[in-house]
Structure formats: C-alpha cells, structure tokens
Amino acid sequence: MEQIALHTVLKEGKEAEYDRVHARIPDELDPALRAAGVHSWRIWRHGLDLFHLLEVEDYQAMRAALRDHPANVTWQARMAELLAVEDDYSGVDAGLHQVWQLPAKPPTS
C-alpha cells in the first residue's frame, strides 16, 4: 500500500464551486477509483491550495488504469474548469516528496 500526497491549485474564484462539486462525486467515479486500487482519497483546502492524501495499492498503476476510463475522463474535464493546472494523466507523477514523519508510538505492555 502506498500513501501519496498531492498538491493542486484552484483557479481564483472557484473555491465554492470546487467544494460544491466535491460534496458528492459521480456515482460511476467511485467504483472506477476502487477498481484502480484506491482505498481512500482525502482532500483538504486552504484558500486556493488543495492537499490530497491517497492510500492506493500502486499509484502508477492507478493512473494508468484511470487515464482513459470514461468516468475519470469526464471528471478530469470538469476539474480542468476549476484547477489552475489540469491533470491529463500523461507522464509520470510521483506525488510530493515526504520530508519527515512522526513514527507511530509503539504499544505499551
């Protein structure tokens, strides 16, 4: 399982629309994401900045599986209206480089 952090940026003035659109993703997108190995995908927004945390079996395989999936193509077209830089699923994206992590505290006996 991989944890992948991403950072994307909204177009100015699109904050409320982005929040509204993400209140409920399309019914066909959820099974497409899960079939591509996504276990969870969380997004936080601060102003125009979006911070994503994905738990996925294999991030590169997920991107390959979703690149031409009809549900994702439609979703990415909608997101292109809202994001400063659209993701066309070309190239290799590895997410953000992790700099530090507080390790989980070991259980006490």
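A salt bridge, as the term is used here, is a side-chain nitrogen of Lys or Arg within 4 Å of a carboxyl oxygen of Asp or Glu. Please bear in mind that the model before you is predicted.

Let me begin with the charged pairs. How many salt bridges does the structure hold? There are nine. One of them joins the side chains of Asp 19 and Arg 45, with N and O at 2.8 Å. This pair links distant parts of the chain, for Asp 19 lies in helix α1, residues 15-22, and Arg 45 in strand β2, the two being 26 residues apart. Both partners are partly exposed: Asp 19 has a relative accessible area of 37%, and Arg 45 has one of 36%.

A further salt bridge is formed by Glu 55 and Arg 42, whose closest N and O atoms are 3.6 Å apart. Here too distant parts of the chain are linked, Glu 55 being in strand β3 and Arg 42 in strand β2, 13 residues apart. Glu 55 counts as partly exposed at 23% relative accessibility, and Arg 42 is partly exposed at 37%.

Is Arg 24 buried or exposed? Arg 24 counts as exposed, because its relative accessibility is 58% and the cut-off for exposed is over 50%.

Which of its residues are buried? They are Tyr 59, Met 62, Arg 63 and Leu 66. These residues cover an arc of only 100° around the axis, and therefore lie on the same side of α3. An α-helix has 3.6 residues a turn, so residues three or four places apart point the same way. The buried residues of α3 pack against β1, α2, β2, β3 and α4. At the start of α3, a side-chain oxygen of Asp 58 comes to within 3.1 Å of the backbone nitrogen of Gln 60.

Finally, consider His 52, which is placed in strand β3. His 52 counts as buried, at 9% relative accessibility. Its side chain makes a polar contact of 3.1 Å with that of Trp 41. Beyond residues up to four places away in sequence, His 52 touches several others, including Ile 4, Leu 6, Tyr 18 and Arg 42.

Methods: Residues numbered from 1 in each chain as written. Predicted model: local features only at pLDDT ≥ 70, side-chain atom pairs only at ≥ 80, totals over all residues. Heavy atoms only, no water. Buried < 20%, exposed > 50% of the residue type's maximum accessible area, 1.4 Å probe, protein only. Helix = DSSP H or I, 4+ residues; strand = E, 2+ residues; numbered from the N terminus. Arc of directions from axis to C-beta. Contact = heavy atoms within 4.5 Å. Polar contact = N/O pair within 3.5 Å; in protein donor to acceptor, adjacent residues only side chain to side chain.
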